[in-house]
Amino acid sequence: MKDWIKGRVVAKRQWNHRLYSLQFDAPVEAFKAGQFTQVALDVGEERVGRPYSLVNPPQERPLEIYFNAIPEGPLTPRLSDLEPGDDIWVTAKAGGIFTMDAMPGARDLWLIATGTALGVYLSILRTPDPWERFERIFLVHGVRSADELAYADTIGFLRDTHGERFRFLPSFSREQREGVLHGRIQPILNSGALEAQAGAVIEAEHSHMMLCGQADMIKDVRAFLEARGMRRHRRNEPGHYTTEQYH
């Protein structure tokens with residue numbers, strides 16, 4: 001049985017017709033940037049919960065999650081209906097190992113996200129760890145169109161704070177805009193467009209990749225990286241890429 005504690009919603013933001021951020025207060029234990037929590041609501045006689053990465057860094061409150069409201073889903077439509085003051089269930093302890101302390105060092109850190117998987121990287125990037133361990137950081141966000149981009153203020157803060165050490169590289173799969181990459185993650189890797197836009201080469205000697213998002217994206221990017229001689233990172237076998245399939 002999970003160790004549920006009660007939280008209270010303090011704010012909600014709707015980014016488009018289906019993308020939401022929810023902020024809530026709850027007395028959770030200390031966590032590491034990159035970890036996830038379980039969030040739940042009581043639906044009839046059942047407590048329905050799902051894992052969500054925390055968007056806020058560990059030193060900041062309230063807690064925050066970023067999610068896609070799926071109309072037929074058992075939980076997300078109800079989460080999107082919550083308002084400040086409403087109660088929510090949260091697990092007392094966060095989990096997961098998609099964190100900086102599990103990463104090997106390299107010159108360049110590439111953070112690859114699709115959709116709402118962006119959130120986990122915003123938590124990591126607002127801690128000192130990645131900036132102390134990597135010279136350059138590239139945040140790649142694959143979405144369908146511009147209206148799915150979120151957290152522009154946070155990304156702008158990172159750009160202002162870290163200057164040329166930070167590059168944000170969005171890619172639209174269903175919309176073309178001048179100066180923005182066009183296509184899904186795998187095609188822009190295979191064509192060289194991503195590296196050209198970044199002005200950097202993905203290579204085993206100097207790069208570490210973090211992949212978070214859709215299972216198909218992770219599978220395809222893994223194949224691309226392994227063709228370049230890069231291998232999956234494990235605690236007992238250092239490698240060049242780390243993955244987390246986003247829920």
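Mentor: Quick definition before we dig in: helices (H or I, at least four residues) and strands (E, at least two) are DSSP runs, numbered from the N terminus. Also keep in mind that this is a predicted model.

Trainee: Which element gives the most to the lining of the largest pocket?

Mentor: Start with the elements that supply at least two residues each: strands β4 (46-53), β5 (63-68) and β8 (136-143), plus helices α5 (185-190) and α7 (215-227). The top contributor puts in four residues, and that's α7.

Trainee: Moving on, which elements give two or more residues to the lining of the second largest pocket?

Mentor: The second largest pocket has a volume of about 210 Å³. Of its 13 lining residues, Arg13, Trp15, Tyr151, Ala152 and Asp153 sit closest to the centre. By class, the lining has six nonpolar, three polar and four charged residues. The elements giving two or more residues are β1 (4-14), β2 (19-25) and α4 (152-162).

Trainee: What about cavities: what volume does the largest cavity have?

Mentor: Searching the whole structure for cavities of 30 Å³ or more turns up one. Its lining is Val28, Glu29, Thr37, Leu54, Leu63, Val90, Thr91, Ala92, Lys93 and Ala94, which split into six nonpolar, two polar and two charged residues. The volume of the largest cavity comes to about 40 Å³.

Trainee: Now Ser207. Is it buried or exposed?

Mentor: Ser207 belongs to strand β11 (residues 207-213). Buried means under 20% relative accessible area. Ser207 has 2% relative accessibility, so the call is buried.

Trainee: Which residues is Ser207 in contact with, leaving aside neighbours within four places in sequence?

Mentor: Contact here takes heavy atoms within 4.5 Å. With those sequence neighbours set aside, the partners of Ser207 are Ala106, Asp108, Trp110, Val201, Ile202, Met230 and His240.

Definitions and conventions:
Residues are numbered from 1 along each chain as its sequence is written. This is a predicted model: local features need pLDDT of at least 70, side-chain atom pairs count only at pLDDT 80 or more; totals for chains, interfaces and linings use all residues. Side-chain values use heavy atoms; hydrogens and water are left out. On a 1 Å grid over the protein atoms alone, a cavity is a set of points where a 1.4 Å probe fits but cannot get out, and a pocket is an open set with protein on both sides within 12 Å along at least five of seven lines; lining residues have an atom within 4 Å of a point. Grid points are joined across faces, edges and corners, and a volume is the space filled by probe spheres set on the points. Ala, Val, Leu, Ile, Met, Phe, Trp, Tyr, Cys and Pro count as nonpolar, Asp, Glu, Lys and Arg as charged, and the others, Gly among them, as polar. Buried means under 20% relative accessible area, exposed over 50%, partly exposed in between (1.4 Å probe, protein chains only).
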